[in-house]
Amino acid sequence: MNREIKFRCWDQANKKMEYSENPPSFGFWKYVSYDSDCLNTLMQFTGLHDKNGKPIYEGDIVKALDADGGDIAREIIFKDGGFLFFRQRGKLYNQKELTEKRIKEYKIEVIGNIY
């Protein structure tokens with residue numbers, strides 16, 4: 001499997017999202033800190049795009065269809081080596097691996113992010 005590796009970082013001080021090129025430039029990494037008080041958060045591109053072609057990143061909030069055909073909001077997270085989507089409240093039920101098939105099945109659309 002060959003997928004594009006990209007990152008973005010939430011710059012808390014300036015209240016904006018910074019995106020990297022591939023590979024990330026040195027300037028981009030100035031926003032990233034690994035110290036425990038870091039307010040900047042690094043998020044990885046899933047390698048997938050929503051139903052409208054928008055890239056899906058960890059930390060995005062997506063609209064998806066539930067079992068009854070209604071819309072629900074879910075957060076994209078990285079866990080156990082894969083990207084998953086959960087109910088926005090963070091409960092660990094109904095977790096699903098994010099795949100191209102599921103994007104079509106659930107009509108996934110990025111509607112925002114956790115910031």
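The following is a conversation about a predicted model of a protein.

Colleague: Which secondary structure elements does the protein have?

Modeller: The protein has two helices and nine strands.

Colleague: In what order do the elements run from the N terminus?

Modeller: Starting at the N terminus, the order is β-β-α-β-β-β-β-β-β-α-β.

Colleague: Let us turn to the open sheet of four strands. What is the strand order there?

Modeller: The order is β2-β1-β3-β4, and the pairing is antiparallel. Strands β2 (16-19) and β4 (55-57) are the edge strands, each of which pairs on one side only.

Colleague: And how much are neighbouring strands of this sheet turned against each other?

Modeller: On average the angle is 35°, with direction ignored.

Colleague: How many bridges join β1 to β2?

Modeller: Four bridges connect β2 with strand β1, residues 7-11, and the two strands run antiparallel. Within β2, Met17 is the residue that stands opposite Trp10.

Colleague: What holds paired strands together in general?

Modeller: Strands of a sheet pair through backbone hydrogen bonds, in either a parallel or an antiparallel manner.

Colleague: Now to another pair, β5 and β6. What do they form?

Modeller: They form a hairpin, with five residues between the two strands. Strand β5 covers residues 60-65 and strand β6 covers residues 71-79; five bridges join them, and they run antiparallel.

Colleague: Which residue in β6 is the bridge partner of Leu65?

Modeller: The partner of Leu65 is Asp71.

Colleague: What about Gly69 in the turn?

Modeller: Gly69 has a positive phi of about 90°.

Colleague: A change of topic: where is Glu109?

Modeller: Glu109 lies in strand β9, which comprises residues 109-113.

Colleague: Does Glu109 count as buried or exposed, and why?

Modeller: Glu109 counts as buried because its relative accessibility is 19%, and buried means under 20%.

Colleague: Which residues does Glu109 touch?

Modeller: Leaving aside residues up to four places away in sequence, Glu109 touches Asp50, Lys51, Asn52, Ile61, Val62 and Lys63. Strand β5, residues 60-65, takes part in the hairpin described above, and Ile61, Val62 and Lys63 in this list fall within residues 60-65.

Colleague: Finally, the whole protein. How many of the 115 residues count as buried?

Modeller: The share that counts as buried is 35% of the 115 residues.

Colleague: What is the accessible surface of the protein?

Modeller: The accessible surface comes to about 7300 Å², and carbon and sulfur atoms account for 48% of that surface.

Colleague: And among contacts between residues at least 6 apart in sequence, what percentage join residues at least 24 apart?

Modeller: Of those contacts, 44% join residues at least 24 apart.

Notes
Residues are numbered from 1 along each chain as its sequence is written. This is a predicted model: local features need pLDDT of at least 70, side-chain atom pairs count only at pLDDT 80 or more; totals for chains, interfaces and linings use all residues. Side-chain values use heavy atoms; hydrogens and water are left out. Two strands pair if DSSP finds at least two bridges between them. Axes are lines fitted to C-alpha atoms, for helices over the stretch in contact, and angles run from 0 to 180 degrees between N-to-C directions. Buried means under 20% relative accessible area, exposed over 50%, partly exposed in between (1.4 Å probe, protein chains only). Contact means heavy atoms within 4.5 Å. Accessible areas come from the Shrake-Rupley method with a 1.4 Å probe; for residues, only the protein chains shown count as cover.
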